[in-house]
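Good morning, and thank you for coming. Please look at the structure as I speak.

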Amino acid sequence: SPMPRAPRPSWWVYVVRCADGTLYTGVSTDPDRRLGQHNAGTASKYTRVRRPVELVYRERRRGRSDALKREAALKALPRRAKLALLAAA
């Protein structure tokens, strides 16, 4: 009999607010685990020097490719547009 296929992981686009007020956008299959990595200083050079960070937004996407496209779109937004997105969420 065929092997059951492992469920595909959910991919998320997330935004954290850094201690200096700046916003960092990333993708992960587990935003809560990733938040822990950011606060441990092991996730990114950018957030390492701006700890602690707080998860302020997450959005489930269909697959890694879709998440990366959405991440790029969010990163291209001006700060005020990102803040409006967070406020609406």
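Let us begin with two strands, β1 and β3: they run antiparallel and are joined by seven bridges. Please keep in mind throughout that this is a predicted model. One point of this pairing is V15, which has Y57 of β3 opposite it.

On to the other pairing of β1. Strand β1 covers residues 11-17, and six bridges link it to β2, again in the antiparallel sense. In general terms, the strands of a sheet pair through backbone hydrogen bonds, and the pairing may be parallel or antiparallel.

How many residues lie between the strands in the hairpin of β1 and β2? There are five, and in this hairpin G21 takes a positive phi near 90 degrees.

Next, let us consider how the strands are covered. In β1, six of the seven residues are buried. In β2, six of its six residues are buried. As a general rule, side chains in a regular strand alternate between the two faces of the sheet. For β2, both faces are covered: L23, T25 and V27 are buried on one side, and Y24, G26 and S28 are buried on the other.

I would now like to turn to two individual residues. The former is T47, which has its place in helix α2, residues 45-48. Is T47 buried or exposed? T47 has a relative accessible area of 0% and is therefore buried. Setting aside residues up to four places away in sequence, T47 touches V16, C18, Y24, H38 and V53.

The latter is G63, found in helix α3. Its relative accessibility is 10%, and since buried means under 20%, G63 counts as buried. Leaving aside neighbours within four places in sequence, G63 is in contact with R8 and W11. G63 and W12 are 51 residues apart along the chain, and their C-alpha atoms are separated by 8.6 Å.

Finally, let us step back to the chain as a whole. The protein chain has four helices and three strands. From the N terminus on, these elements run β-β-α-α-β-α-α. The C-alpha trace spans about 55 × 30 × 20 Å along its principal axes. The chain has 89 residues, of which 33% count as buried.

How do its contacts relate to the sequence? Among contacts between residues at least 6 apart in sequence, 54% join residues at least 24 apart.

As for the surface, the protein chain exposes about 5900 Å², and carbon and sulfur atoms supply 53% of that area. What of its charged side chains? There are 20 positive and 7 negative side chains, and the centres of the two sets lie 5 Å apart.

Thank you for your attention.

Conventions
Residues numbered from 1 in each chain as written. Predicted model: local features only at pLDDT ≥ 70, side-chain atom pairs only at ≥ 80, totals over all residues. Heavy atoms only, no water. Buried < 20%, exposed > 50% of the residue type's maximum accessible area, 1.4 Å probe, protein only. Contact = heavy atoms within 4.5 Å. Areas by Shrake-Rupley, 256 points an atom, 1.4 Å probe, with all protein chains shown as cover. Lys, Arg positive; Asp, Glu negative; His and termini not counted. Charge placed at Lys NZ, Arg CZ, Asp CG, Glu CD. Pairing = 2+ DSSP bridges.
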